[in-house]
Amino acid sequence: MGKEECKTLLDALNKVTACYRHLVVTVGGTSDSQNLREELKKTRKKAQELAVANRNKLTTLLRDKTISKEDRAEYETLWVIFSTCMEFLEVDMKKALEIGQEFPLNVPKRYLIQTGMSGGTSAVAARAMSAQNMKYEADSNIDVADLKELENEINQVGEMMVEMEMKVNVANWTVEAKQDPGAELKSTISVGASSVGMISVNEETKSACDPTKVLAGVIFCAFLFIAVILAVLVIKLS
Amino acid sequence: MPSFSKMERVIVAMQDPDVGITMRNQRLVITVIPHAITGSDVVDWLMQKFNVSEEEALHIGSLIVKFGYIYPLKEPKNLVLKPDDTPYRFQTPYFWTTNKWPSSELDYAIYLTKKNIRKQGDLIEYEKHNYNLLHKRNNHTWDFVVMQAREQLRAAKQRRKADRIVLDCQEQAYWLVNRPPLGTFDILEHGPERGNCLHSRVQLVIELMKKALIRPRVKSSICLEGVMKFTEQYQSHDPIMAGCLPSNPWITDDIMYWSMNASEVATPTKLRVERWSFSFTELLNDPLGRKEFMRFLEKEFSAENLCFWEACEDLRHGEHSKIAQKVEEVYQQFLVPGASKWVNIDSKTMEKTLEGIKSPHRYVLDDAQMHIYFLIKKDSYPRYIKSQMYKSLLARAIVPQETKKGVFPFMRRQRHSSPSPVLLTQPGEDAGKSKPAAMTTPGTVSQYHWFSPIIPSGDAKPGFNGISDSLAMLCSTPLQPWQDPCLALVRAQAQPWHAQDPAVSPVVLPCVCMFCVPFIC
């Protein structure tokens, strides 16, 4: 059905946007490299494809006069999400251009900011491209060469958004969110992320209490060890 | 802001592996994160690089920290630079404070949602408050916010543990600078007023629109009908449209017109008397009309109304120092019950006025004046227009004869043989120095008489003096060079404004204004 297709397309676009943002955050830092720039380019292209697909689908659906009112309302919510996503993407692209221009990679006297990041971003890019591994096949001066293309693409995105506004007349403010504040807490998918996040946050804020935690861990292990020995003795005796 | 780019340059200079700051490692329990710097390192480096004292280096460094280019690792909320071994780290360029991309609400909403998910709803108080506010304001995009927050968390999971910690610290530092908790120092001056500035601007616009909606609008057909009626009524009175009898002084230099329409003339012109019947304001604005009306009211024993109105006008336009005294006089004469000229005002207005009189100011009698004005307008004025007095005056009124015009209208000037005023000043200068005014020829007298009021003589009265007076005065004193005919100025002094001035056309001027206004707007 049209709605499911739309939703999947939109989810994909959302995923790619999030990954793109993640990649842009690392530009200019120590994780930056030619590979990152290439990843940016590929992610961007993917985002654009998805955007075009989304736009076409939603435009045809919304211009169709024969759909029912509830359907139309649903498509309008999807449309609002889509346009916000595009705005988001546009801002990130502009930032990427700006930072990319400020931090070219091969210039000898320009240093990258030592932000503390040391790992690569290939996994993020792979997630964006829905691929297992990333293949890098670009030249070594992609950081400079890509910027011109990026500029053009930013203009394209801008034009596309204007076109979208003209073609489809959806009032943003009439759309009501389906979710209340705090709805995201009910989701179980994020539990994994939360536990990891909590540990990392705890680590840095309570680093002063770490010795006590280590001590507690050691004592617990000791008790466990004693319990195991006792159990073995009991079994041996009986 | 230029300071941002300067700070950015300093940060970039710090990155130099040779002369930049030495990097250390931050040891957390399991992970080791590189690129930590200590506060004392920063201060030393700044001192060395810019050749400044420690105090100044500390100040610069703390500014850099406050603006979020370097963030502390131990106490993230405390954005100060301590010159000891407290660890700091550089912020990634994406999160630098620049004016080009001010932090957006949507970003903040996504950040808070992410934090909400990570902390399972345990947000700090001000963050909870902001979260709810954002939900209310961005309700239509909330679905996107939640979706994006979830996806960003999933994307972050793809990175190494150490990088994830760094990312969290970076984002937290960014939002501590851009959305500081209430009560803390806000480096970007997003104070509570500023934060609501957009809100109140919107509110202001809403107020203006509401007022514009209820503003009464008159249909243009009705407006134009009104204009038509006005022009029809005043057409014969308009000197440009209907000509001016006896002749337009501006063209023929013959001031008969002004002398006939002076304020204290025995027999007014017919046109003038007719105008009084158009509206009450016309009657009041004409001094002769007002006098006649007063005479009529005296006959009808209701003159106190007009006296009261005149006294109120005098109060409104009079001297400030005399206000209290005038108010007292008015009160004694008109408002005290049993006064000689007691005016009949309704009780509510009377109460209000009596209250106001206790603290007198210029406009304290406005309500009463308005009441009396409408009373006279509705009651006495129509009776006056229908009265015998008015009709007899109308019958007595004269219609001036039109002076003979020359065949060629452009020749009219030469007929009077008055020299151009420019030539006038030069012989006048010499005359002022050496010769008396016997120089002035009789032929030019008619030109000069209207300078008379400017001549500084002891008994020169303001207002029109009459032709004979002015002639006499002129012959006695020389023409001064500064009596240059700046004609408008002269006229204004020579003529009271009430008389119909042929240069001011009641019909043409409004039409001109009407047509000009759309062009101007």
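Is A:Glu163 buried, partly exposed or exposed? In this predicted model, A:Glu163 is partly exposed, with a relative accessible area of 37%. Here buried means under 20% relative accessible area, exposed over 50%, and partly exposed in between (1.4 Å probe, protein chains only).

Local features need pLDDT of at least 70 and side-chain atom pairs count only at pLDDT 80 or more, whereas totals for chains, interfaces and linings use all residues. Residues are numbered from 1 along each chain as its sequence is written, chains are lettered from A and ligands numbered from 1 in the order in which they are written, and side-chain values use heavy atoms, with hydrogens and water left out.

Chain A has 7 helices and 0 strands. Helices (H or I, at least four residues) and strands (E, at least two) are DSSP runs, numbered from the N terminus. Along the sequence, the pattern of chain A reads α-α-α-α-α-α-α. Of its 238 residues, 46% are buried. Contact means heavy atoms within 4.5 Å. Among contacts in chain A between residues at least 6 apart in sequence, 83% join residues at least 24 apart.

The interface was examined next. Chain B brings 69 residues to the contact and chain A brings 70 residues. The size of an interface is often given as the accessible area lost when the parts come together. Between chain B and chain A, the buried area (accessible area, 1.4 Å probe, that two parts lose on being put together, summed over both) is about 6,400 Å². Carbon and sulfur atoms give 60% of this area. The rule finds 10 residue pairs in polar contact across the interface, both residues being at pLDDT 80 or more. A polar contact is a pair of N or O atoms within 3.5 Å; within protein, one must be able to donate a hydrogen and the other to accept it, and residues adjacent in sequence count only if both atoms are side-chain atoms. Among the elements of chain B that give two or more residues to the side touching chain A are helix H1 (2-14), strand S2 (32-38) and helix H6 (142-156). H6(B) gives the most, with 12 residues. By class, this side of chain B has 30 nonpolar, 19 polar and 20 charged residues. Ala, Val, Leu, Ile, Met, Phe, Trp, Tyr, Cys and Pro count as nonpolar, Asp, Glu, Lys and Arg as charged, and the others, Gly among them, as polar.

A salt bridge is a side-chain nitrogen of Lys or Arg within 4 Å of a carboxyl oxygen of Asp or Glu. The whole structure holds 35 salt bridges over all chains. Between chain B and chain A the count is 2. One of them joins B:Glu151 to A:Arg127, with the closest N and O atoms 3.1 Å apart.

Within chain A, A:Lys167 forms a salt bridge with A:Glu163 at 3.3 Å. Both lie in helix H5 (residues 142-167) of chain A, 4 residues apart, about one turn of the helix. A:Lys167 is partly exposed at 42%. A network of salt bridges links A:Lys41, A:Arg44, A:Lys45, A:Asp146, A:Glu149 and A:Glu153.

In chain B, the side chains of B:Arg24 and B:Asp41 meet in a salt bridge (2.7 Å, N to O). B:Arg24 lies in strand S1 (residues 24-27) and B:Asp41 in helix H2 (residues 39-50), so the pair ties together parts 17 residues apart in sequence. B:Asp41 is buried at 14%, whereas B:Arg24 is partly exposed at 37%.
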